[in-house]
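Please read them with the structure open.

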Amino acid sequence: MPPTSTSSLTPRPDGPPVLGFGEAFDYSDGVSVNVTNLGTQYVSTGAESSGGQVVELQLAITNNTGAAWDPTGASGTLTYGAEGITAEQVYNSENGWSGGYFTSTLLPGRTATVNTAYAVPNVGLGDLVFEFTPEFGFDRGAVIYVSQP
C-alpha cells in the first residue's frame, strides 16, 4: 500500500517538493525552509506593472545542522497565472524589501527571516508559484510553494 499524505497537495514522486505557502520543508541534514504569503499591499513606486500591487513573502531558514551555515546565496522566483508569468521583484527600503535575501552566517539552532515583495496584478493572485533554493550551488535543491494545488 502506498504511503498516505496529510497535505492537500498531490505528492510528486520526482522533482522538487511542492508545498502550500506556510508549510515547512525539512532537508535531511537539518536545514528547514518555510515561505509564507503575507498578503498584498500597495506601494507608490516600484510596482508599476501591477498598478502598485505587491505580494509580500516571508522567507525563513532554520539551521539545525549542528554547524554554522551560510545561506547568503538563497534565491527565489515568483510566477503567477496558468502561463507562469515571472513577477517583477520590488525593491522598497521603506518596507524592508531590499531585494536581497540572507546576509550573514546562520548559527546552529537559529532561524533567519527576510521579507521580499513581487509585483502581481489581481488576475494572478490566486495562482502563485514560488521556487525557492536555500543556497548558492543548489546542493539542497529547490522547494516549490504554491497558492493552489
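Which residue is the bridge partner of Tyr-42 in strand 4?

1. The partner is Gln-53. This pair belongs to the antiparallel pairing of strand 3 with strand 4, which are joined by 11 bridges. Strand 3 covers residues 31-42 and strand 4 covers residues 53-63. The coordinates discussed here are those of a predicted model.

2. On overall composition, the protein has 10 strands and zero helices. The pattern along the sequence is accordingly β-β-β-β-β-β-β-β-β-β. Of its 149 residues, 41% count as buried. Among contacts with a separation of 6 or more, 66% are between residues 24 or more positions apart. The exposed surface comes to about 8,000 Å², and 50% of it is supplied by carbon and sulfur atoms.

3. Strand 3 also pairs with strand 2, residues 24-26, in the antiparallel sense, here over three bridges. Within that pairing, Ala-24 has Asn-34 of strand 3 as its bridge partner. The hairpin of strand 2 and strand 3 has four residues between the strands. Gly-30 in this hairpin takes a positive phi near 110°.

4. The loop between strand 3 and strand 4 deserves a look at Ser-50, which is found there. Is Ser-50 buried or exposed? Its relative accessible area is 12%, and the cut-off for buried is under 20%, so Ser-50 counts as buried. The side chain of Ser-50 reaches the backbone oxygen of Gln-53 at 2.4 Å. Gln-53 is also the residue that bridges to Tyr-42. Leaving aside neighbours within four places in sequence, Ser-50 is in contact with Ala-119, Val-120 and Pro-121. Of these, Ala-119 falls in strand 8, which spans 111-119.

5. Val-129 has Val-146 of strand 10 as its bridge partner, while Phe-132 is partnered by Val-143. Strand 9 also pairs with strand 5 (residues 75-80), again in the antiparallel sense, over six bridges. There Thr-77 stands opposite Glu-131.

6. Which residues have the most contacts inside the largest nonpolar core? They are Leu-57, Leu-59, Ile-61, Phe-130 and Phe-132, in a core of 26 residues. Two or more residues each come from strand 3, strand 4, strand 5, strand 8, strand 9 and strand 10. Strand 4 gives the largest share, four residues.

7. Another core, of seven residues, lies apart from the largest one. Its members include Val-43, Val-90, Trp-97 and Ala-117.

Methods
Residues are numbered from 1 along each chain as its sequence is written. This is a predicted model: local features need pLDDT of at least 70, side-chain atom pairs count only at pLDDT 80 or more; totals for chains, interfaces and linings use all residues. Side-chain values use heavy atoms; hydrogens and water are left out. Two strands pair if DSSP finds at least two bridges between them. Buried means under 20% relative accessible area, exposed over 50%, partly exposed in between (1.4 Å probe, protein chains only). A polar contact is a pair of N or O atoms within 3.5 Å; within protein, one must be able to donate a hydrogen and the other to accept it, and residues adjacent in sequence count only if both atoms are side-chain atoms. Contact means heavy atoms within 4.5 Å. A nonpolar core is a set of buried Ala, Val, Leu, Ile, Met, Phe, Trp, Tyr and Cys residues joined through side-chain atoms within 4.5 Å. Accessible areas come from the Shrake-Rupley method with a 1.4 Å probe; for residues, only the protein chains shown count as cover.
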